[in-house]
Amino acid sequence: MHSTKVRRKLAPVNRELDNSADKQEQLLLSTTICDDGDLGPFIRKAFAGGRPETLLQNLRHFARSKESEIEEVCKAHYQDFILAVDDLRSLLSDVDSLKSALSESNSKLQSVAGPLLASLDAYLEAQTVSQNVHLALSQVATCIKLIELCSRANGHFSSGNFYMALKCADAIERDFLDKTPSSTLKSMLEKKIPRIRSYIERQVSKEFGDWLVEIRVVSRNLGQVAIGQASAARQREEDLRVKQRQAEEQSRLSLRDCVYVLLEEDDEDGFDGGIVDDGKDDYANGGSGLLGFDLTPLYRAYHVHQTLGLEDRFKQYYFENRKLQLTSDFQVSSMTPFLESHQTFFAQIAGFFIVEDRILRTGGGLISRLEVENLWETAVSKMCSVLEDQFSRMQTANHLLLIKDYVSLLGVTLRRYGYPVDALLDVLSKHRDKYHELLLSDCRKQTAEALAADKFEQMLMKKEYEYSMNVLSFQLQISDIVPAFPYVAPFSSTVPDCCRIVRSFIEDSVSYMSYGGQLEFFDVVKKYLDRLLSEVLDEALLKIINTSVHGVSQAMQVAANMAVMERASDFFFRHAAQLSGVPLRTVERGRKQFPLTNARDSAEEMLSGLLKQKVDGFMTLIENVNWMAEEHVQSGNEYVNEVIIYLETLVSTAQQILPTEVLKRVLQDVLSHVSEKIVGALLSDSVKRFNVNAVMGIDVDIRLLESFADNQSPLFSEGEVSQLKGALVEARQLINLLLSNHPENFLNPVIRERSYNALDYKKVVTISEKLKDSADRLFGTFGSRGAKQNPKKKSLDALIKRLKDVS
C-alpha cells in the first residue's frame, strides 16, 4: 500500500508522457477485447508495475464506450422487442389452457399408473430375490464340485494313488480356491493342500527308496535270466551246427532233406524266451513280461515330483543313487574266489543296464542317453580292470575259459540292448595266448599221465560202445564194417587217450575263440593245435620212446600207435575246421606234413634198432661159414636161415598191427643192415681169405633173402617188393662182381653206374684181395691148372691195381 502511494506521488512529475502512454495502452486494451484476445498480459503488466487502478480505469472507460453502442443497438431493435412481448402475451392464455389439460392428464395418469407402479415394485423386488437365489445356487454348485473334487482326492489319497491325488489338489487350487465362497473352507484348503503335497512327497520318496533296495536283487536275478537265455540261444546254435555237420557228412541224404532239417531247426531257434521286448510295454509300470521287474514305484515317484515341480531335483537324485549302486556293484570280494563270484558279479551289472535301458526307453526323460552311456563307459572300464587283474592271477585254463564264456554271454546279452562290448572282447583276445599256454601245460600233464599208464599192449574191446568210443569217434577205422567182438585193436590205450586229450584241446580252444568278436579264427586254432602236436605230444612220445620202450613187442606197438596217430591227425584238423565253421576243402588244401614225424621216425628207428640187435645175434653165426669150402652150400648158410625164420615170424606178427608202409620201411632197414653185415664180414679181419665156393654160398644166402622179399608180395606191391630187394643191393652187387667173368667192367663208368653204383671201390679192393682159390691161386676153380694164367684172375688183378692207383 505505501509503495502504491509513493508511485502516485511521483506520477505528476511527467504527466504528459504518462497520458500518452495511458492512451496508447487503453487503445491496445480496447483492440484486444474487441478481437476476443487474451487479457492476461495486461493484467500481469498492471500488477507487476503496481498500477492495477490504471487497468481498472481503462476497463471502465471501455465499458462506458460500449454502453453507448448498446443503447444505440437497443434503440435500433426496440420495435422488434415490443412485438415479441406482445406475441408472448398472446401465447400466455394458450399456455394456461395447456397447463390445465396437462394437469388433468396427469391426474388420470396417476390414477391409472398406481397399480402398475406397485406391480413394478413387486417385480423389481422379485428380480432381486431371483438374482440372490441364482447367486446362492451357483455358489452351492461350486461348493458341491469342490467337495466332490476333495472327496475324489481323498479317495486317491486313501488308495495310495498319489499322482491322481496331486492332480486333484492342483485342480482345487487352480479352479476353486479363489472362487470358494466360504472363507472357512478356503482357509482349510490353503492349510491342507501344502501338507498333502509334503506328505505325498515323503511317501513316494520312501517307496522309491524301497524300490532302490529291491531293484538290486531284481537286477541280479534279471541278469542271470538274461544271460541264461543267451546261453540257451547259443546252445541251440551249437546244436544246429552239429546237425548241419551231420547232414553234410551223410552223403546219402539229398540236399533238399538237409535244407528241410536246417530250416526246421531255424524255426525252433527263432523262439525267444522273452528277454528282448519290443518297446511297446506299458509306460505307467514298465511291464516286463517274463523278466519280473516292476518300475511302477519309480515312475510314480517321478510323476509325483513332476507334478510338484521338482522334476530336475528327482532326476539328479535318481542318477546319483543309481551311480552309487553301480559303484557298489563293482566291488569284488577278496574273501570269495572270483571263479565262484564272477557270475553274480557280471549278472548284477547286466541286470543294472537292462533296467536302465528300459527306463531310458519308457521313462519319459527320467534319464538321458548320455548319462546311460557315461555309466556304461564306467562299467566297461571297471570290468576290464577286474578281468585284467583276475586273468593275470589265474593258472588254470578251465577257470579262465569259464569266466571267458560268461563274459562273452554278457557281451551277447548287452549287445542286444545297444551297448558296445568291444572293449570286453579285446580283453578276452588279449589273454588268448595265456589261456592256450595254460591249456598246453594241462595237456602236457595229461599226456604224460596217459603215456605212463600205457602197457603198450593191444586194446581189447568187448562191446560195440567201446569200439565207438575209442575208434569211430576219432575216425580211426580202416573199414566201415563193424568188426566182431571182442575186437583186438592194432593200437594200445595211448592212442584213444591222446586223441581224447587233443580233441578236448581243440574244443576248448574253439570255445575260447568262439563268440570273442573274431569271426575267422581257424588259423589261430590250427596254430595252437600244431604246437600241441609238435611240441607237447611229439616231445612226450619221444621221451617215452627213449626211456620206457624195452623190447621188440613194445617198440612194434609204439610204431603201430604212431601209424594210427597219423590217421588221427587228419581227424584233428578236420574236427578243428568243422568246429570253426571252415570248409573241409580248405583244410585239405592247407594240410602240412605229419606233425608227429619226429616221434614216428624215432619209433621206427627204435623198432629197427631192436630188430637189428636181434638180427645181429643171428648174424654172429656167419663166423661158422667155411670161407675156403671145397664146394658151395646149396641150401644157404645157417645164419641166413635163422635170420629168415625170425623175419618170417616177425612179419606174421607185425602185419597184424603195423601198416604195410611202416612194415616195409622196417624190413627194408633190417635187410639193408643184413647186407651191411655180410659185406662187413667179408671186410673184417677175421676173414683172411675166401674162395669162390664161399662167395657162391653167400650168393645163395642173398638169393634166399631176395626170395623172402618176393614172398611178401601178398602184403606189398611190386614196387615195394623191389624196394625190399633193393635193400640188399650192396651185398648183391659185390657178389655179382666177385662172380663176374669180367670184373674189370667195374672200371667202366657206364657199367659201374648201372650195375655197381652201391659199391665203394676201397671195399672192393680189400675184399677182392682176399679172394683166392684153394691152391692159393686166384680163380683156380674157373680154369685149368696149366701154366697159362686164368683170364679172370688177370682181369681181377688189373682191377685191383687200377683201384689202388686211384686211391
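Predicted model: local features only at pLDDT ≥ 70, side-chain atom pairs only at ≥ 80, totals over all residues.
Me: How many helices and how many strands does the protein chain have?
Reply: Residues are numbered from 1 along each chain as its sequence is written, and side-chain values use heavy atoms, with hydrogens and water left out. Helices (H or I, at least four residues) and strands (E, at least two) are DSSP runs numbered from the N terminus. Counted in this way, the protein chain has 28 helices and two strands.

Me: What is the average pLDDT of the protein chain?
Reply: In this chain, 86% of the residues score at least 70. Over residues 1-14, however, the pLDDT is below 50, and this stretch has six contacts (heavy atoms within 4.5 Å) beyond near neighbours in sequence. Residues 251-290 also have a pLDDT below 50, with 48 contacts beyond near neighbours in the model. For the protein chain, the average pLDDT is 79.

Me: What percentage of the 807 residues counts as buried?
Reply: Buried means under 20% relative accessible area, exposed means over 50%, and partly exposed lies in between, with a 1.4 Å probe and protein chains only. The protein chain exposes about 44900 Å², of which carbon and sulfur atoms supply 53%; such areas come from the Shrake-Rupley method with a 1.4 Å probe, and for residues only the protein chains shown count as cover. Of the 807 residues, the share that counts as buried is 40%.

Me: Is phenylalanine 162 buried or exposed?
Reply: Phenylalanine 162 is found in helix α5, which covers residues 162-176. Not counting residues up to four places away in sequence, phenylalanine 162 touches His156, Phe157, Ile200, Gln203, Val204, Glu207 and Val304. Because its relative accessibility is 5%, phenylalanine 162 counts as buried.

Me: Which backbone nitrogen does the side chain of serine 675 reach?
Reply: Serine 675 lies in helix α22 (residues 660-683) and is buried, with a relative accessible area of 1%. Leaving aside neighbours within four places in sequence, serine 675 is in contact with Ala727, Leu728, Glu730 and Ala731. At 3.1 Å, the side chain of serine 675 reaches the backbone nitrogen of alanine 731.

Me: What is the phi of phenylalanine 456?
Reply: Phenylalanine 456 has its place in the loop between α14 (432-453) and β1 (460-461). At 9% relative accessibility, phenylalanine 456 counts as buried. Although phenylalanine 456 is not a glycine, its phi is positive, at about 55°.

Me: How far apart in space are tyrosine 487 and glutamine 458, C-alpha to C-alpha?
Reply: Tyrosine 487 is found in strand β2 and is partly exposed, with a relative accessible area of 22%. Not counting residues up to four places away in sequence, tyrosine 487 touches Met459, Leu460, Met461 and Tyr467. Tyrosine 487 and glutamine 458 are 29 residues apart in sequence, and from C-alpha to C-alpha their separation in space is 9.9 Å.

Me: How many disulfides does the structure hold?
Reply: A disulfide is a pair of cysteine sulfur atoms within 2.5 Å. Cysteine 74 counts as partly exposed at 48% relative accessibility, whereas cysteine 443 counts as buried at 3%. The number of disulfides that the structure holds is zero.

Notes:
pLDDT = per-residue confidence, 0-100. Polar contact = N/O pair within 3.5 Å; in protein donor to acceptor, adjacent residues only side chain to side chain.
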